Amino acid sequence: MLDSAIKAARQVFSPPFRAVLLKSLGLTLLLLAVGWIGLQALAEHLLTLQNPTLNLVARIVAGLGTALGMLFLVVPVTAAIAGLFLDDIAEVVEREHYPQDPSGAAVPLVRGLALSVRFGLLVLGLNLLMLPLLFVPVIGQIIWLVVNAYLLSREYFSLAAMRFRSEADATALRRRNRFKVFAAGLVTAALVIVPFANLLTPLFATAFFVHLHKRIARADAQRLGTEASPPRLRP
C-alpha cells in the first residue's frame, strides 16, 4: 500500500496530470468558496444581538464555526469531484503503469454523477451528525477519522473497480479486502485534515486507489484462480 501511495503522490504534479489538476483545483475552490459564502450569510442572518460586546463575541464564534464548517465541506466536495475526473486520472495511471493490462471502461456519465451526488450527500449528512463529537477531545476526532476513512475508501475504491467490473462485483471485491481498503481510506482521510494539501485529495486518492485496485485485483485473482482485470464492455 505504501508503494501505491508513493506512486500516486509522484503523479499528482506530473505533466499528464496538470490539466486535470488545474480543473480539479478550480472546481474545488469554487465549490468551497460557495460554501464559505453560504455559511457566512447564514451566520450573519443568525446574528441579531444588539449588545456590541456580545455581538463581537458572537461574530468570532461564528467565524470559527464557519472555518470548522469548511472542514466538513472539504470531504463531500472532494468526493463529488472525484466522480467527475476519475476516468481522466485513471486512464493516465493505467497507461503509464499498467500498459500490458486491458484498459478500463469509463463509468457512464449519468451513472457516475448520480453516484457522486449520492455519496456527497451521504458524507455531508454523516459529518453534520458527527459535528458535536468534535467537541469531545481525542475520541471525537478519532471517530470522525474512522467514519470518513470508511466512507472515502468505499467511494474511491468502488469507482476505480467499476472501470473493470460491475458495481456488485466491485462491492464484493472491496468487502473481501475490507481491511486493506480501509487502511488506504485512513491515509486519504488524514490528508483531508491537512490545510491546502486537502485540495489535492481528489487527484491523489483517485490515483492511489487505482493502484490499490490493481494490486488487490491481482492478489484476489491468484487466490480465486481468475483473471485479475477482466475487461468490461464499453457502453
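This is a short tour of the predicted model shown above, stop by stop.

The model is predicted, so local features need pLDDT of at least 70 and side-chain atom pairs count only at pLDDT 80 or more, while totals for chains, interfaces and linings use all residues. Residues are numbered from 1 along each chain as its sequence is written, and side-chain values use heavy atoms, with hydrogens and water left out.

**Whole chain**

Helices (H or I, at least four residues) and strands (E, at least two) are DSSP runs, numbered from the N terminus.

Next, colour by pLDDT, the predictor's confidence in each residue, from 0 to 100. The chain has a mean of 77, and 77% of its residues reach 70 or more. Helix H3 (residues 52–97) has the lowest confidence, at a mean of 69, and helix H6 (residues 167–176) the highest, at 91.

Of the 235 residues, 45% are buried (buried is under 20% relative accessible area, exposed over 50%, partly exposed in between; 1.4 Å probe, protein chains only).

**Aromatic cluster**

Select Tyr156, Phe204, Phe208 and Phe209, which ring pairs link into a cluster. Rings of Phe, Tyr and Trp (its six-membered ring) pair if their centres lie within 6.5 Å; planes under 30 degrees apart count as stacked, over 60 as edge-to-face and the rest as tilted. The structure holds three aromatic pairs.

Tyr156 and Phe209 are stacked, with 5.9 Å centre to centre and 20 degrees between the planes. Tyr156 lies in helix H5 and Phe209 in helix H8 (residues 201–224), so this pair ties together parts that are 53 residues apart in sequence. Both Tyr156 and Phe209 are buried.

Move to Phe208 and Phe209: the ring centres are 5.4 Å apart and the planes at 55 degrees, so this pair is tilted. Phe208 is buried, at a relative accessible area of 0%.

**Nonpolar patch**

Switch to a surface view and select Leu133, Val136, Val138, Ile139, Ile142, Ile143 and Val146, which make a nonpolar surface patch of about 550 Å². Within this selection, Val136 sits in the loop between helix H4 (109–129) and helix H5 (139–161). Val136 has 36% relative accessibility and therefore counts as partly exposed.

Patches use residues with over 30% relative accessible area and no salt bridge, joining like charges within 9 Å and nonpolar side chains (Val, Leu, Ile, Met, Phe, Trp, Tyr) within 5 Å. A salt bridge is a side-chain nitrogen of Lys or Arg within 4 Å of a carboxyl oxygen of Asp or Glu.

Key
Areas by Shrake-Rupley, 256 points an atom, 1.4 Å probe, with all protein chains shown as cover.
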